[in-house]
Amino acid sequence: MNLDAKRERILSGMLGVTIADAAALGLHWIYDIKRIKDVGGDAPEFIDPDQKNYHGVPSYFAHPGKKAGDNSHYGENFLNAARSIANSGGVFNPRMYQRDFQDFFGPGGHFRGYIDHPTKDTLQNLKDAELKAMERVSADFKDLDQDLRETLMMKVMPVTKNHTGPKLLAKVEEAVRITHDDDKIVKMARDIAKSVDQTIPLDSGAYDDQIPALAGILPLIASGNSKLSDVEVIVKITNNHEKSVAAGKFFAKLLLAVIEGEALAEAFKEAKPELPMDWQESTQKAMTQDWPDDEALIEEFGAACPLRYSLPVGLYIIRTSNSYTAAVRQNIRLSGDNCGRALLIGALAGILWGIGGERGIPHPWLWKIKDQEAKFQTLWQLIKK
C-alpha cells in the first residue's frame, strides 16, 4: 500500500520515536556528559545497559533487565498508545486507552521494566477510582437486592472499561437484556453505569509535568485526529497537570505543522502561544541562540525529566542538527533523560528527514529494534487506515 506524503511523514515520525528511544536506552539517566562521551564515543547509540557505566557519576540505573534494541518505559508508553488507538479501529477511545494503559503497565500486564512515578500514580488513581465507584454503587443502591446488584455490577464494570457517556448506556442495556429483558432492571443497570462513569474520571493521570505527557500525541495525530480537545483528554489520562496539557497542545500544533511541510521555525512560531509564558521564553531562546558546547547548553536548560527542561533542549537539538542520526546522537550525548526527550526529538527528526538516504533514519537502525515486527506492525496498522 502506497502512502501519501503526509502519512509517510507521520509513519517516519513514529518509527523515529521508537528508534530514538531504543538508541538512548543504554546511557539513559547518566547525568555526566564526559562519562557518556567516554563510554559512547562518536556512536553512543544502541549500547547494552551496563551498571558499571553508571558508577561514580550522578546517575540512575533503571534498565538492568534490558538489552540494546529494547525500548524504555517511555517508548513502550508511546507504542501502547499507538496500539490502543489502532485496536479500537483507529479511533481514540478514552476509556479503552485507560484500560489498555492499566492492562499493559499494571500488575500482570505485559510490560517488564522500570515503572516511573507518573505511571505508578496513574495506575493507583485508576485503582482507587474503581474501588470508589463500587463503594458508591453499594451506597446509592443499597435497597436493591444484593444478588441483583452484584449481577448488574458484573455486567456494568467490563463495559465501563470500554465506553463512556451515551455509548456506555447503550452497551450496558445491550449486555443486560441478554439475561434480564426487563425495562425496570435495565433502568437500574443504566443508573449504576451512570454512577460508575461519574466516579471514574477521564483525567486520571498523575499531577505531573514530565515528558511522558507527550507519549500519546503522535499516535492520536496518526489516527487522523487533530482536535486539541482530544489532545487534552489523552494527556490528562496519564499526566493531569495544566502545564502538561499546555505542552501537549504545543507539541500537537508543532507536529501538525511540520507534517504539512512547514519549516521548523514557522511551525514553532504557530505553536508557541500554547505554552506557559516562561516556557515560551526558554523555548524561544533555544530556537534562536547558540551555546559553545554541550555542557553550556545543559547548564542553561538542564537535562532532567520535566518538560520545562526537555522541551528547549529537544528543540535546540532539532534546530541545530542536519540529520536524524546527528539529532539522536546529540540527544544521547546531552545526558540525563535522553529517552524521554526521544519522544520529541525522534518524532520531529523522523518527520523532517524521513527514512534512508544521507539524512533520514538509517536502515540498519530499523533492524536493531527488538520485537520489531510486532512494534512496526502496530504503527503500520494505525497509519494505513
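Trainee: Which residues line the largest cavity?
Mentor: Bear in mind that this is a predicted model. The lining consists of Arg 95, Gln 98, Arg 99, Gln 102, Leu 126, Glu 130, Met 157, Thr 160, Lys 161 and Ile 200.

Trainee: Which helices each supply at least two residues of that lining?
Mentor: Helix H4 (94-105), helix H5 (117-140) and helix H6 (146-160) do. H4 gives the largest share, with four residues.

Trainee: What classes of residue does the lining of the largest cavity have?
Mentor: Sort them by class. You get three nonpolar, three polar and four charged residues.

Trainee: What volume does the largest cavity have?
Mentor: About 80 Å³. A search of the whole structure finds three cavities of 30 Å³ or more.

Trainee: Now salt bridges. How do I read one?
Mentor: Look for a side-chain nitrogen of Lys or Arg within 4 Å of a carboxyl oxygen of Asp or Glu. By this rule, the count here is 23 salt bridges.

Trainee: Which residue meets Arg 99 in a salt bridge?
Mentor: Asp 100 does, at 2.8 Å from N to O. Asp 100 is buried, with a relative accessible area of 14%. Arg 99 is partly exposed, at 23%.

Trainee: Where do I draw the cut-off for buried?
Mentor: Buried means under 20% relative accessible area, and exposed means over 50%. Partly exposed lies in between.

Trainee: Which residue forms a salt bridge with Lys 249?
Mentor: Glu 232, with 3.3 Å from N to O. This pair links distant parts of the chain. Lys 249 sits in helix H11 and Glu 232 in helix H10 (residues 228-238), 17 residues apart. Lys 249 is buried, with a relative accessible area of 18%. Glu 232 is partly exposed, with 24% relative accessibility.

Trainee: What about Glu 274: which residue is its salt-bridge partner?
Mentor: Lys 253. Their closest N and O atoms are 3.4 Å apart. Glu 274 lies in the loop between H12 and H13, while Lys 253 is in helix H11, so the pair ties together parts that are 21 residues apart in sequence. Glu 274 is partly exposed, with a relative accessible area of 24%. Lys 253 is partly exposed too, at 30%.

Trainee: Which residues do salt bridges with shared partners join into one network?
Mentor: Glu 173, Arg 177, Asp 181, Asp 183 and Arg 190.

Trainee: Where does Asp 183 lie, and is Asp 183 buried or exposed?
Mentor: Asp 183 lies in helix H8 (residues 183-199). Its relative accessible area is 56%, so Asp 183 is exposed. Now compare sequence and space. Asp 183 and Glu 173 are 10 residues apart in sequence, and their C-alpha atoms are 9.3 Å apart.

Trainee: How do I read the sides of a helix?
Mentor: Start with the general idea. An α-helix has 3.6 residues a turn, so residues three or four places apart point the same way. Then take helix H12 (residues 264-271), where the buried residues are Leu 264, Ala 267, Phe 268 and Ala 271. They cover an arc of only 100° around the axis, which puts them on the same side of H12.

Trainee: Which exposed residues does the face turned away from the buried side of H12 carry?
Mentor: Ala 265 and Lys 269.

Trainee: Which helices do the buried residues of H12 pack against?
Mentor: Helix H11 (242-259), helix H13 (277-288) and helix H15 (307-320).

Trainee: One more residue. Is His 73 buried or exposed?
Mentor: His 73 is buried, with a relative accessible area of 5%. His 73 is found in helix H3 (residues 73-87).

Trainee: Which residues is His 73 in contact with, leaving aside its neighbours within four places in sequence?
Mentor: His 28, Trp 29, His 63, Phe 105, Phe 111, Tyr 114 and Asp 116.

Key
Residues numbered from 1 in each chain as written. Predicted model: local features only at pLDDT ≥ 70, side-chain atom pairs only at ≥ 80, totals over all residues. Heavy atoms only, no water. Buried < 20%, exposed > 50% of the residue type's maximum accessible area, 1.4 Å probe, protein only. Arc of directions from axis to C-beta. Contact = heavy atoms within 4.5 Å. 1 Å grid on protein atoms, 1.4 Å probe; cavity = no way out; pocket = protein on both sides within 12 Å on 5 of 7 lines; lining within 4 Å. Points joined across faces, edges and corners; volume = space filled by probe spheres on them. Nonpolar A, V, L, I, M, F, W, Y, C, P; charged D, E, K, R; others polar.
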